[in-house]
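Please keep the sequence and the structure open while reading.

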Amino acid sequence: MAAFLTRVKGLFQHLMERPSTVDLKKYTEVLTSIEWREESVAKLTDAELTEAAGELREKALGGLDAHGMVELCALGREAARRGLDQRPYDMQLVGAMELLHGRVVEMGTGEGKTLAGALAAAGYALQGRAVHVMSVNDYLARRDAEWMAPVYELLGVSVGWVDQESTPGERRIAYGKDVAYGAVSEIGFDVLRDRLCTDVEDLVHREPDVALIDEADSVLVDEARVPLVMAGSTEDSQGDPEVGAIVRTLRPGRDYERDEDNRNAWLTSRGAKYVEKALGDIDLYSGDHSDRLAAVNAALHAHALLQRDVDYIVRDGKVHLINTSRGRIALLQRWPDGLQAAVEAKERLDPTESGEVLDSISVQGLVGRYQRVCGMTGTATAVSEQLREFYELKVSVIPPNKPCVRVDEPDRIYDTVEAKETALVAEIVEQHETGRPILVGTLDVAESERISEKLTEAGVATVVLNAKNDAEEAAIVADAGAHAAVTVSTQMAGRGTDIKLGGADGDENDHDKVADLGGLFVIATGHYSSSRLDNQLRGRSGRQGDPGRSVVFAGLGDDLITQYAPDATAGADPAEDGRLEDQTSKRFIGHAQRVAEGVHLDIHRNTWRYTRLIEHQRGLVLAYRDDVLRTDLPAEQLNEHCADRWETLAEDVPEDVLANAARQILLFHLDQRWSRHLAFLSDVRETIHLRALARETPIDEFHRAAIGEFKGILKEIRELAVETFEEAEITADGVDLTAAGLRRPTSTWTYLVHDNPFDSDAEQALQRVRAAIRNVKAGKG
Ligand code: ADP
Ligand code: MG
């Protein structure tokens, strides 16, 4: 105990200088009490342990006081010891308690966040709250739920999970448990699907309550802007093969130009003239050909800005998006229709079905629905400002169980990509000879393949991870610490797999052997767009006090530098092998990364300004929909507004059938009207620069238009419903909506929109369009 106290004191002093670091002094007494209580808890039988948790549940309803926290931690620690054969470290308990205070906790890789999170989830559940533990993918959701199940069971807390394959029935059961694990996207898609239910019995979600988010920075910052979309099929609007063929012949510089960061492309006046001629001498910009103009823009985007194997891959005759921030694909993940169709045309693939957006919610909007949000990640400090700004969340830094002794070397900088890769391969060959495991982190799939090829040529066998299958990848990552393993992977952030020295199935001996070689050596082929992502990669090495090393090979030719610090090469004076040792190059790299971080933050902030209002309106519509679905409101309203018709029908149509007909009619119009509203908003958004008056900012103009359009929406829905109710055939069998020409979507599907170029950067893109229009006009003038 004395040693423990000294350690806590030491840590406390050391961490005092860091902001947001958890106040360990506050916890010394609590941790002591937990240890005291632990002794008696250890004597309980399993049944008695569960019973004690049940008693806590009765007392904790509505909140855990200091005593309750101690009891929870003592019981939870014992449950983990019995269920997993792991006694939670003090720092895991501190993490769990901070989660119970609604914080985002920063705990390094391998510190055991899964267990800390489960103890917190159980703590919330014992307070009578419903918890969603959100993971970054299906595989992790299921893995963690099953892994932690014995702990929950001993605490008398029920647990379930959902994945893409779950049936509606299974989902309802899982969400009915005290704690439900699921990928953020899956939980969000269920929210959207529930939005279309016309019968209360079909809903799968309960009221959102507590969200406990794993890899919280990935979800809350990197993925926050990502819209989750539900679409339904209508008549198909396909890519324009004629436009695709024309755009394919365009040359950069002559026919079109790109901006430096490769986010936008636009036709030069020469290119525009050429396209107009090829399409039969039309005037693209006259307004009569807006469909064609949209198709040309999409095709140009696909042609000029999207690279196969970097932005997407083609497999089984289909285009699969790569999420560039995580280097992996998700099922049913597509761009918006126009772009998807254009890429399909570019790759000469059969077009897939397109449809109408029925509803959409951003990850940030999804998280905003919960009463309580908390989360955990290895890298939270770097985004603490954003977490505060966008979610009003505070970060707590939890010190590691054992101090980290990994050595992070200074960057090795080269003037060109070639020189960098030559040096990198040479370093790997040399290190590999010792048998030390090496993890190479690359920036995209194409680079992984290239590096792996070069290594193979140099006689080093590699395992490459490239966005295929989460479960398979997890197994590969887990073995990256084995003797002589060389693993090449894109983005390691959010992979959630622990890398043990000596391999996943290695014993103490294997561990020590690799530790003696210096542990895992992490080599990055360049800096990511944020230092946080760099740290995620580094953090794979040096877990739980293991030795380890990390280094970044950076090049002045790296995209990050050419995009954000294009002047870096001026005055660089490389050695013969291309190496740069001067401080200026180093500064340029740091500068480029900060600029990139700033750009991303601006985009996030900007998108949020647009979506916040939409989420708000969505909330209002949903609240109304909920009433329509669950209460007598539809019957009351239609009875009130169509009293005569109601009376006439009520002779031979039973009251409950009539009430349900009223409900179905209202729901139909509500859903359709909302979908139309979303389409309206996205139109406004895309043309906002053209509409905005000189004295107003685009966002103000957007707000004005959105609020104006929304104002009469509920009244309009009611009027449409009244009209249908007056005219539709309603019998004892209910209302036949289809006969009345009111067709609900026959099929629906969901997808994520990553890096939607027409949305997140709409403003910038539109400036380009305007510039292009000006160019064309000037050219024609
Ligand atoms: P993180 O998510 O923080 O990176 P994990 O939850 O994946 O870490 O856990 C990393 C490894 O540490 C796992 O193999 C887990 O079994 C192990 N572990 C977690 N807590 C303990 C503990 N208290 N004692 C021993 N091993 C633990
Ligand atoms: Mg984890």
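In which loop is Leu305 found? The answer is the loop between helix 13 (290-304) and strand 9 (312-315). The model is a predicted one, and every value below is computed from it.

Leu305 has a relative accessibility of 11%. Because the cut-off for buried is under 20%, Leu305 counts as buried. Ala265 is 40 residues away from Leu305 in sequence, yet the two C-alpha atoms are 7.2 Å apart in space.

## The chain as a whole

The protein chain contains 29 helices and 24 strands. It has 781 residues, of which 55% count as buried. Its accessible surface comes to about 33900 Å², and carbon and sulfur atoms account for 48% of that area.

Contacts can also be sorted by separation in sequence. Among those between residues at least 6 apart, 76% join residues at least 24 apart.

## Two residues with positive phi

Asp85 has a phi near 60 degrees, a positive value in a residue that is not glycine. This residue sits in the loop between helix 4 (66-84) and helix 5 (90-100). With a relative accessible area of 68%, Asp85 is exposed.

Gln544 also is not a glycine and has a positive phi, about 45 degrees. Its place is the loop between helix 21 (531-538) and strand 20 (548-555). Is Gln544 buried or exposed? Gln544 counts as buried, at 12% relative accessibility.

## Helix 21

Helix 21 is mostly covered, with six of its eight residues buried. The buried residues in helix 21 are Arg532, Leu533, Asp534, Gln536, Leu537 and Arg538.

## Salt bridges

How many salt bridges does a search of the whole structure find? The search finds 44. One pair is Asp190 with Arg171, whose closest N and O atoms are 2.9 Å apart. This pair links distant parts of the chain, 19 residues apart: Asp190 belongs to helix 9 (residues 184-194) and Arg171 to helix 8 (residues 168-176). Asp190 is buried, with a relative accessible area of 1%, and Arg171 also counts as buried, at 6%.

Arg195 forms a salt bridge with Asp359, and here the closest N and O atoms are 2.8 Å apart. Arg195 is in the loop between helix 9 and strand 5 (210-214), while Asp359 is in strand 11 (residues 355-362), so the pair ties together parts that are 164 residues apart in sequence. Both partners, Arg195 and Asp359, are buried.

Arg673 is buried, with a relative accessible area of 3%, whereas Glu709 counts as partly exposed at 27%.

Some salt bridges share partners. Such bridges join Arg195, Asp359, Arg618, Arg625 and Asp671 into one network.

## Gln617 in helix 23

Gln617 is found in helix 23 (residues 583-630). It is buried, with a relative accessible area of 3%. Which residues does Gln617 touch, not counting those up to four places away in sequence? With that exclusion, Gln617 touches Trp674, His677, Leu681, Ala706, Ile707 and Phe710.

## A negative surface patch

Helix 25 (643-649) and helix 28 (713-727) each supply at least two of the residues in the patch. Which helix gives the most to the negative patch? Helix 28 does, with three residues.

The cut-off for exposed is over 50%.

Key
Residues numbered from 1 in each chain as written. Chains lettered and ligands numbered in written order. Predicted model: local features only at pLDDT ≥ 70, side-chain atom pairs only at ≥ 80, totals over all residues. Heavy atoms only, no water. Helix = DSSP H or I, 4+ residues; strand = E, 2+ residues; numbered from the N terminus. Buried < 20%, exposed > 50% of the residue type's maximum accessible area, 1.4 Å probe, protein only. Contact = heavy atoms within 4.5 Å. Areas by Shrake-Rupley, 256 points an atom, 1.4 Å probe, with all protein chains shown as cover. Salt bridge = Lys/Arg side-chain N within 4 Å of Asp/Glu carboxyl O.
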